[in-house]
Amino acid sequence: MPIYDEVLAANEQYAASFGDKGALALPPARQFAILTCMDARLDPAKYAGLAEGDAHVIRNAGGRASDDAIRSLVISYKLLGTREWFVIHHTNCGMEFFTDDVMRGLLASSLHTAELGPDGFRDVGSGPGSAEAAYIDWLTIADNARSVVEDVTRIRSHPLVPARIPIYGFIYDVATGRLVEIEEATKAGLAAAA
Ligand SMILES: [Zn+2]
């Protein structure tokens, strides 16, 4: 079955047993938010025990504290009342396997999907590509514990983020499903006493 049909069939089943979820409130009931990677192996609802209506989950490549992730976090607390935030990166993240220069080179040569081999990504497609990639900061990761510390620190020191919100830093282990706290990150994200 094509993916398009699979998705609509799955949605049909979901809606058929939707129950009373139509009555859920807009603000997240458990008043917290998670910023995490879009990696297909990560399911925040499962690894953090979320049901519909519980929490905000903001996802991007790497779970990085980009300007747009911060935009969502600010909306999350300012308009929708979240009080605690988690930044969760993970082991074996695809963002560790390339750099800005590599990504710019790959896209400059071709818009086809690259292959991931033992030596990183390499192009197997044909051109033309585009030089537009040179204008994007891809927010790649060299060390995932370091990236969690950096992102928690960036959010903590952002002028639109109040000091009362604690920010916790974690690495999700794709081999075990376990969340491992990065103490230096959580320390950097400590809330100021009210
Ligand atoms: Zn990832």
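Contact means heavy atoms within 4.5 Å. The model is predicted, so local features need pLDDT of at least 70 and side-chain atom pairs count only at pLDDT 80 or more, while totals for chains, interfaces and linings use all residues. Residues are numbered from 1 along each chain as its sequence is written, and side-chain values use heavy atoms, with hydrogens and water left out.

The chain holds six helices and seven strands. Both kinds of element are DSSP runs numbered from the N terminus: helices are H or I with at least four residues, strands are E with at least two. Read from the N terminus, the order is α-β-α-β-α-β-α-β-β-α-β-β-α. Along the principal axes, the C-alpha atoms fill a box of roughly 55 × 45 × 35 Å. Of the 194 residues, 35% are buried. Buried means under 20% relative accessible area, exposed means over 50%, and partly exposed lies in between, with a 1.4 Å probe and protein chains only. The chain exposes about 11,600 Å², and carbon and sulfur atoms supply 57% of that area. These areas come from the Shrake-Rupley method with a 1.4 Å probe; for residues, only the protein chains shown count as cover.

Now to the sheet. Five strands form an open sheet in the order β2-β1-β3-β6-β7, with mixed pairing. Two strands pair if DSSP finds at least two bridges between them. The edges are β2 (56-60) and β7 (179-181), each of which pairs on one side only. Neighbouring strands are turned by 25° against each other on average, direction ignored. Axes here are lines fitted to C-alpha atoms, for helices over the stretch in contact, and angles run from 0 to 180 degrees between N-to-C directions.

β1 and β2 pair in the parallel sense over five bridges. I34 stands opposite V57 in β2. Helix α3 (residues 67-78) packs on the sheet and touches β1, β2 and β3. The direction of α3 makes about 175° with that of β2. S66 lies in the loop between β2 and α3. This serine is buried, with a relative accessible area of 15%. Leaving aside residues up to four places away in sequence, S66 touches N60, L139 and R154.

Move across to β6. β3 and β6 run parallel and are joined by six bridges. H89 has I171 in β6 as its bridge partner. Why is strand β6 (residues 167-172) described as largely enclosed by the rest of the structure? Because six of its six residues are buried. In a regular strand the side chains alternate between the two faces of the sheet. In β6, I167, G169 and I171 point one way, while Y168, F170 and Y172 point the other way, and all are buried.

β6 and β7 run antiparallel, joined by three bridges. F170 stands opposite E181 in β7. The hairpin of β6 and β7 has six residues between the strands, and there G177 takes a positive phi near 80°.

Which residues coordinate the zinc ion? They are C37 through SG, H90 through NE2 and C93 through SG, at 2.0 to 2.3 Å. Donors are N, O and S atoms within 2.8 Å of the metal (3.2 Å for Na, K and Ca); water is not among the atoms, so sites may look incomplete. The donor residues are spaced C-x52-H-x2-C in sequence. C37 in strand β1 (residues 32-37) and H90 in strand β3 (residues 84-90) are 53 residues apart, so this pair links distant parts of the chain. C37 is buried at 5% relative accessible area. H90 is buried at 0%, and C93 is buried at 2%. The disulfide count is zero, where a disulfide is a pair of cysteine sulfur atoms within 2.5 Å.

One last stop is F97, in the loop between β3 and α4 (100-109). F97 is partly exposed, with a relative accessible area of 32%. Not counting residues up to four places away in sequence, F97 touches N92, L116, G120 and F121.
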